[in-house]
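Student: I have a two-part model open and I'd like to learn how to read it. Can you walk me through it?

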Amino acid sequence: MSDMMEVDSLTQGVDPKRHRSERLFRAFGIAAIALSLGFLVVMISSIVLRGTGAFQTTFVQIEIDLPEDKIDPEGTRNPEELALVRYGSILKQALRERFPEASTRAQRRELYRLVSATAEYTVRDQVAANPDLIGTRAKFWVRSSSDVDMFAKGNIDGSVDESQRRISDQQISWIESLRSEDALESRFNAQFFTSGDSREPEQAGIWGAVVGSFYSLLVCFILSFPLGVLAAVYLEEFAVKNRLSRIIEVNINNLAAVPSIVFGLLGLAIFLNFFNLPRSSPLVGGMVLALMTLPTIIIASRASLRAVPPSVREAALGLGASRVQTTFHHVVPLAMPGMLTGTIIGMAQALGETAPLLMIGMVAFIVDVPSGITDAATALPVQIFLWADSPERGFLEKTSAAIMVLLGFLVVMNLIAIVLRRRLEVRW
Amino acid sequence: MTDNTTQNGAIISVRNTDVFYGPKQAIFNVDVDIERNAVTALIGPSGCGKSTLLRCLNRMNDVIPICEVKGDIQLAGQDIYASEVDVVALRQQVGMVFQKPNPFPKSIFDNVAYGPRIHNLTTSKADLAERVEKSLRRAGLWEEVKDRLDQPGTGLSGGQQQRLCIARAIAVEPKVILMDEPCSALDPIATATIETLIDELRERFTIAIVTHSMQQAARVSQNTAFFHLGNLVEFGATEDIFNAPKDERTQNYITGRIG
């Protein structure tokens, strides 16, 4: 009994207020996470729902007469000449045969608009690859126009008034007729991943933007990684800690917070107007992005250098290693995983950056896939911006699809950062 | 330099030395001699400046910007704080073992080989391997690690790590080894192993050791310097300090009344 008296009761004297505040805090935390997760799910699902359509595209099958006198009048079957034949009229002829009810000019124009402007090249390439087709009647699968594609995917509502939609009742009846004969097919849209931008939604692809982004990031990495790491190493391991180094430190931190468009203006004023570097090129884009990424890399690198235990430096110095030897034999290798992670995160930031690239002209409409860092190019986020700005219905899903591709790259880069960290991290 | 020792057989002599950390003075006018091929123990309560003094002996304090050393510290007659002294050359002569075992996160072999490599002490791979083996043998670690030289040094036990650090220090053949509480992070068995090792190393090297443990100082050292609040209170043969301390503060400290 006496023992019981010595210990205060464990259940009495509990402060209900403290308990309530603990529960409240926990509830707030859970609510905050749930809310942000909810937003994320809404955002990603809306993008995915809108964008997945762009990975499929509609093809139309038409039977085409391939008269020898029009295609290869001399009968040489010279592949070079076959690659230059124009199939426009042949294709139109085939369409008129298929749907003879199109009699007026206006109706015929609508008819021709069922297929993509690239359809004649598809036919040309297939005939050139297989010249035996000349003189026969053959069936070809050609890309439909974007409007037909949109209708086939259900993105254009056929029930609204004809004047309110981009596709006429006549065209709808043709499409339904094609569909009933299995001459309408949805296929994987490989062109989306292999071609550059286009004014026609059904032909537009992201490869040009992907390559442009790749070159920009390459330039950005080559410039910012060594500069950033060396600056961090100097500031952390060699610089005397005085007023000047503190001012530099504060300014680097401020630089990390400068709006990216300011770096774009700087690039415009200096790289383009003063040094006359090629406008719209990944070279200048990468240089501007490097300016933007540098502070991030420096800050991350300094943090990881600071995380290297001082005992490692002491051990090396105590053995008679010089400061440079100590730094580069021991400290930098140990800090490297953190530096790389910081760099990759900085690069991921740069990959998603739009504003500075707008300032240096990477927003131009460029069809060709760039073949070097001085070619005019665009970048993934700018491509998204351009497509989001386009009025055609077909670009809506392209925009979302491009966002998915961009997010995919970002996820991959962050995964690489995590894997590198795991792989290279040394425990002691 | 033919006569590497000063008159009284000391390899390092500290004279009239003051050390400041910024405005704060850590060591007041200290005179100490580190006797050649002997173990000199620096003892005293925490914050008495014994580690600070030890770190002055191979200029490890240089990395602390606010630390300022005034006075005359000579290694075999050369002023180690003279402006023309190369710190790297000094530290090659005066090696150091730290409080916490700090092997590099590299293989056991590379840990020991690092010093000889940066100082170009060996001519061939075989030569280097031989030196690594010799150093590990002298540190009493060879038998335990000879089959796993390529494994990380950080994977060893605490006592083994500390002996690895000793092997690493002696691989560059220093004249003096400074030990900053080398056993404070170790268990009693590992401590006993290191103490035996220190006694053996005395034959080839001069050792200065900072320790918190009175018994350790009594067991391993020939000379003892007792510091209190930055002052050298008493310096002399270990036997005398422990059996017949002249100063009351020494008496109080070794009997456990202060500290």
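This is a predicted model: local features need pLDDT of at least 70, side-chain atom pairs count only at pLDDT 80 or more; totals for chains, interfaces and linings use all residues.

Student: How does the radius of gyration of chain A compare with the globule rule?

Tutor: The idea is to set the value against what the rule gives for the chain length. Chain A comes out at 31 Å, well over the 22 Å the rule gives for 428 residues, so chain A is more spread out than a compact globule. Its C-alpha atoms fill a box of roughly 105 × 70 × 40 Å along the principal axes. Of the 428 residues of chain A, 37% count as buried.

Student: And what does chain B look like in helices and strands?

Tutor: Chain B has 10 helices and 10 strands. Its radius of gyration is 18 Å, close to the 18 Å from the globule rule for 259 residues, so chain B is as compact as a globular protein of that length. The box for its C-alpha atoms is roughly 55 × 45 × 35 Å, and 47% of the 259 residues of chain B count as buried.

Student: How many residues does each chain bring to the contact?

Tutor: Interface size is often given as the accessible area lost when the parts come together. Here we can count residues: 17 from chain A and 22 from chain B. On the chain A side, helix H15 (310–318) and helix H16 (323–351) each supply at least two, and H15(A) gives the largest share, six residues.

Student: What kinds of residues make up that chain A side?

Tutor: Nine are nonpolar, six polar and two charged.

Terms used: Residues are numbered from 1 along each chain as its sequence is written. Chains are lettered from A and ligands numbered from 1 in the order in which they are written. The radius of gyration is taken over C-alpha atoms; the globule rule is 2.2 Å times the number of residues to the power 0.38. A residue is buried if 20 or more other C-beta atoms lie within 10 Å of its own, exposed if 12 or fewer, and partly exposed in between; C-beta atoms are placed from the backbone. Two residues are in contact if their C-beta atoms, placed from the backbone, lie within 7 Å. Helices (H or I, at least four residues) and strands (E, at least two) are DSSP runs, numbered from the N terminus. Ala, Val, Leu, Ile, Met, Phe, Trp, Tyr, Cys and Pro count as nonpolar, Asp, Glu, Lys and Arg as charged, and the others, Gly among them, as polar.
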